[in-house]
Amino acid sequence: MIRALKKRILAGVSLLAVTGLVVSGIPAQGAATPGVTKDTITLGMSSAQSGAASPGYNKVGPAMRAYFNYINEKGGVYGRKIELKLEDDKYVPTNAVNKVNKLILRDKVFALVGNLGTATHTAALKKTPIIKQSVPDLFVNTGYSGFANPKKYPTTFMYLPSYIMEAKIMAKYIKDKFPDKKVGILYQDDDFGKDGLAGFKAGGLTFVAGGTQKYASLSQATVGLTAQMTALKSSGAEVIILFGVTSATAVAMRTAAGLGYGTTWGPQFIMGSVGADPTTLLTLAGATTPALQAATLRSLTGALSLSFLPAATDTEDEYVKKFIEINTTYNKGVPWDNNVLVGMNQALLIVQALRAAGENPTRASLISALKSKGGTFASAGYSKLESANNVGYTGYWVGRYNSTGVIAPVDGGKPVVYTTDSSTANGDVAVSTFTRPAMPADGVPTNK
Amino acid sequence: MNLINTLIAGVSIGAIYSLIAFALILVWRSTRVVNFAQAGQAAFSTYVGLSFEKAFNNFWLALLAAIIAGVLVGAFVEVVIVRFIVKRATSAATVTVAPVIAMLGLLGIFQGVMGLIWGGEYQAYPTAFSRDGLTINGSQIPFSQNDLFVLLTVVAAMSVAALIFQKTSLGLAMRAAAFAPEVTRLSGIRVSRIRTLGWAFAGGAGGLAGVLVAPTTFIAPNSFDLLLVFGFTAAVIGGLDSLIGGVLGGLALGIGLSVVTGYLGGSYTFMTAFVLLIVVLLIRPQGILGARGARRA
Amino acid sequence: MLVVRSSHKPSATKRTILALIVGIILFVGSNFIDEYRIFQGAQVAAYLVGIVSIVLLTGYSGQITLGQGAFMAVGSYSAALAVQEFGLPIWITFFIAVLAAALFGAIIGISAGRLSGPYLAGATLAFAVGIPALANAIPILGGEQGLSFDIGYAPGKYADTVSPYKWLFWICALCAIIAVVIAVNITSSGLGRQWRAVRAHETAAALCGINPARSKVMAFTVSSGFAGLAGVSFSATVGLVSPSGFTLALSFLLLTGAILGGISHISGALGGAIIVVIIPTVFESWTEEASLGVATYLPGIIVSALLLLSIALAPEGPSEALHKLRRKH
Amino acid sequence: MTLRVRGLTIDHGAIRAISNATFNVPRGSITAIIGANGAGKSTLLRTISGLKRATTGSILWDEISLEHLQTEQIVRRGIIHVPEGRSVVTELTVHENLMLGGVWRLRAQKEDVAAAIEEVYQLFPRLNERKKQRADTLSGGERQMLAIGRGLIARPQLLLLDEPSLGLAPLVVEQIFHTLSELQGKTGMTILLVEQNAMSALRIASQGIVLDQGRVVIADNARAIMNDTALRHAYLGY
């Protein structure tokens, strides 16, 4: 009976399919630019506001919003106020698809900004109309080199230097400063980590036997990293790279402390820029008392990390100074840190991109403006923004955590910025000659 | 040496599984309900502890607050919700299904409320003692002062519980009510009160477990869900009716998972727990120490 | 209790015609609805199949499951692997998903058939946690990032004119309609009556010549097949199969939908699916300007409270309660 | 202190278990309720002890109505119910089972509970021999002794005994009934005994009540019932 039924249904449905295809052949109606009205420009962002990967990153979106509010107060972008719709995808790919679909289809945002995560954004690019509707997808907060691919993702622009660049710079640094030392790595088991591995390979860095350990991206808080860290310890690695998100770095450092790091075990830790924000690490260490705080700081002290922005504590820096001011007034109650700096800096870039898109911005004009002028935008970054090829920043400086939890340039004085590209064919790394543009007056861009 | 280290590493987390198993068994014995909302109750109590920790910066005060919160929440849940549900679910088809679903609903409410009050981001919970591995004969072992504290606290809590159960008339009444509620009522004991007490005790144990485990897992509204799965596995390994069985089951599970994680890798942890649970359910349904024929409750 | 009341439901033919009409309405209607709603429609269809699988297992056969997401994962991974490793066409993978999940369900059912109540609940709970975690351990399954599962565009020249959402919706809705028709036919067949008999009174059913163990395993197998279909539909809506897509939360959500819709009748599944997809959306739009937290957590609280209330007030599900009420008056 | 039951009706869902029953249990008597299986005897006891609620009618003990009291409150008024099926807590030891009977008054009357337990051990020496053993290791007769013993710890004024002879060897039944009769003589308590084994029950009882399909058909002197052949044939089947 069921088989007969199925046949009938299939027959009926194929009939339906034909009718439906005919009916649906009506072309979609053209309309004004989505997300732009006389007074407003609506932007959308999907990021981890809660969940395992959220610590630290959940401050980026609100910081962007704070900067936009500051600009809105100063007259907005050609009189239009910027609104940011912030969605929480918990760093879960299936959620990201839902949220980005909502932003594009229901909220009809003009552009996406600052979306977080490699796996999440890969899913979003695949299953939402970012490409089909040519939605500008600015400053994706990941270093996955695959996103800088104008052929495949014509509207997607990166923010972070790619993980390949980061790995190549790390590789060079390690080979220069720690020659003949055994190197181990802990990486996140997805495209983020694989990108990094490709970069290390290009940079000619080899790992000690048993010194290549990985973790699943959402598992570290629940399962812990004991097995991985124990393996790294017994591999005899003297330099250990932590190439993961902040919560993974926190768990790894804590586990290392349990294994004797700081007392009986003294490897040199080098953390990827993604997982190295000191305030987040401190918070995650549960350092509520001064004594615990000091203990956590001790375990961080001496570790190396990479950055392309000034240290958040560098209050002499003109960008940092202004952002702190804005944070105090427009982002009440949120303590200033590196994540806020990232958000403000992204927002500064976005405002310049919107201005460059002209008085009547369209999605196409935003993309072409960013491509042609992105490299000239003022920002706190010490390396150049390669928006022409949809690439983000292009270099890093290497710093060391001091005893107050601040990353200071290893050699003292001004940071030395290394630059490279995302090619995996070679490991060429050069010292950058880029000079950073000055901060626009009062932190309000006036570019065209 | 490596094997010994792995075994040692499993002891303190095993102690926490024992505590959760203990809470689940206590509730099961008093009401014949597996409290799947225990994960939410424990997280809620731990958040209360964290709030005290932040306000007063005193670990011990926070621990006390979490336990008291656990006791109150446990009693509240029994009096306000469970009593009603158990009374309503009478037909053969619903009597086993309804309480399970009710507990899930309760879990959802707990998690939502926690998210509203404390937010969804992962927060760290401090420890009272150092988490650096102890050094024995010059070599460091993966067992810290804090692990020792966890272990001793669980042992102490279990000893107090054992003392109450074996040596006091309250304990006698609780044991009797667990196995023969009608006879207990006919002996003049208010079984409904004993039930509430069972839930309250279990809630307190959950709060304690939460504070002890939170430094290693972080705390978020749903961060104890997996702990619940492990606790349940431990309880079943021991036999859902036997408190001692549950405690031993927890330790066995903690050590077993530590060995698997150490030798095969973290990805196999959940799978091992699952396989273990199924094997125990199929081969020895009454658990290691459980009474026969209890499985088809 | 064993005398199951004779059904006055329409015959298989009538049901098929009804399904066709529903299909036509959905098909034509999909042209007049905005794309986000269509996307949600596809989600509702995927959840609907998942909820049907729970209604069959829990509502009809009386076996509780907290781990339906695991069966969905088995179906989805099988389908994605079939595409990735053997390059099979997408439409075949839907059948593969159903078969793989059903096979898996049969194996689990044989073990689970010996359990009941909280033990079964706990075992399926561990299952829901264990299976997605396993995906992280087996390299071919692509770790946390998972595998791609892309149903692509409408065939031939329609690829440009039919939006991918509409295409997605059509496929998911088609799956859902077929699933519901088959499910209704099963429940009104002898098999469905057997299940209900075992659920109502195992011993009595056995005395009537029904083998309760076999009946339970059968229910598990059939239900898992539906879950496999739900999984593959669900994966189609997000374009990938990953462990984070099959969380405990998903399993709980489906069970919640099944209970709220009315666990004892297939007809409740649609209501349940709509509730679990729409409630969060509704709340998000209400709380647009409020804090993100309210939008994130309030729907969960409301849905859970509804779940608790419905169990407290009508342990057998709302439709059963209504039925009883009718009998009384 | 007489137990007065007036117009008592008890329903099990749609089934009427006891219909309009009226009878007295005089103080200091042993009253046997007899009747066939399903006559509603156990239901009657369960209602007196508060485990079940009556549909209509009243139960008065010492001029206090019991029908709205909780089981625990009824116990505190000296009414102790020993349900059928040798109801002991098998997971507890013999001694713990006896203790259980006194937990409710332990705080106020600790010494008397200890004394009562001692008396039970004297009454049933075999329990004393096995006091450390778990109750599930006892024989059927010993369990029944333990169940009754648990009831005696409360020093009942009214003891409700449900089928103490069920499934026991005749010799054991004889012994238990003998002990009960002796005990009643000593303490003067009232015993309401539900039995299918009518002969044994009526032999120690002073009064008999015959239930048939939920109705009280006879309430009379025990000896008179035993001697009424027609009645025995009609309701007791011998």
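How many C-beta neighbours does Ser134(A) have inside 10 Å, and what does that residue count as?

Modeller: Ser134(A) counts as partly exposed, with 15 C-beta neighbours inside 10 Å. On this scale a residue is buried if 20 or more other C-beta atoms, placed from the backbone, lie within 10 Å of its own, exposed if 12 or fewer, and partly exposed in between. The model is predicted: local features need pLDDT of at least 70 and side-chain atom pairs pLDDT 80 or more, while totals for chains, interfaces and linings use all residues. Residues are numbered from 1 along each chain as its sequence is written, chains are lettered from A and ligands numbered from 1 in the order in which they are written.

Ser134(A) is not a glycine, yet its phi is positive, about 50°. The residue sits in the loop between H4 and E4 of chain A. Helices (H or I, at least four residues) and strands (E, at least two) are DSSP runs numbered from the N terminus.

Helix H4 of chain A covers residues 118-127; nine of its 10 residues are buried, so the helix is largely enclosed by the rest of the structure. Thr118(A), His121(A), Leu125(A) and Lys127(A) are among the buried residues of H4(A). Within chain A, these buried residues pack against helix H3 (93-106), strand E4 (137-140), strand E5 (156-158) and helix H6 (191-202). From chain C, helix H10 (212-238) and strand E2 (240-241) also pack against them.

Chain C has a helix pair of its own to look at. Helix H3 (residues 68-86) and helix H5 (residues 117-137) of chain C pack at an angle of about 30°, their axes 8 Å apart. That makes H3(C) roughly parallel to H5(C), since angles under 35 degrees count as roughly parallel, over 145 as roughly antiparallel, 65 to 115 as roughly perpendicular and the rest as oblique. Axes are lines fitted to C-alpha atoms, for helices over the stretch in contact, and angles run from 0 to 180 degrees between N-to-C directions. H3(C) brings Gly69(C), Ala70(C), Ala73(C), Val74(C) and Tyr77(C) to the contact, and H5(C) brings Phe127(C), Ala128(C), Ile131(C), Pro132(C) and Ala135(C). Nine of the residues in this contact are nonpolar, one is polar and none is charged. Ala, Val, Leu, Ile, Met, Phe, Trp, Tyr, Cys and Pro count as nonpolar, Asp, Glu, Lys and Arg as charged, and the others, Gly among them, as polar.

Between chains, four pairs touch, and chains B and C make the most contacts. Two residues are in contact if their C-beta atoms, placed from the backbone, lie within 7 Å. Here 47 residues of chain B meet 45 residues of chain C. On the chain B side, helices H3 (59-88), H4 (92-95), H5 (97-118), H10 (225-238) and H12 (269-283) each supply at least two residues, and H5(B) gives the most, with 15 residues. That side of chain B has 31 nonpolar, 12 polar and four charged residues. By contrast, no contact joins chain C and chain D, whose closest C-alpha atoms lie 13 Å apart. Chains A and D have no contact either, with their closest C-alpha atoms 38 Å apart.

Chain D comes to 10 helices and 10 strands. An open sheet of six strands runs in the order E6-E7-E8-E3-E9-E10 (chain D), with mixed pairing; two strands pair if DSSP finds at least two bridges between them. Strand E6 (79-82) and strand E10 (215-221) of chain D are at the edges, each with a single partner strand, so one side of each is left without a neighbour in the sheet. Six bridges join strand E9 (residues 207-212) of chain D to E10(D), and the two run antiparallel. Gly208(D) has Asp220(D) in E10(D) as its bridge partner.

The other open sheet to mention has four strands, in the order E2-E1-E4-E5 (chain D), with antiparallel pairing. Helix H1 (residues 41-48) of chain D lies across E3, E6, E7, E8 and E9 of chain D, at about 145° to E7(D). H1(D) also lies across E1, E2 and E4 of chain D, at about 65° to E2(D).

Chain D has another residue with a positive phi that is not a glycine: Glu63(D), at about 65°. Glu63(D) is in the loop between strand E4 (56-61) and strand E5 (64-65) of chain D, and with 8 C-beta neighbours inside 10 Å it counts as exposed.
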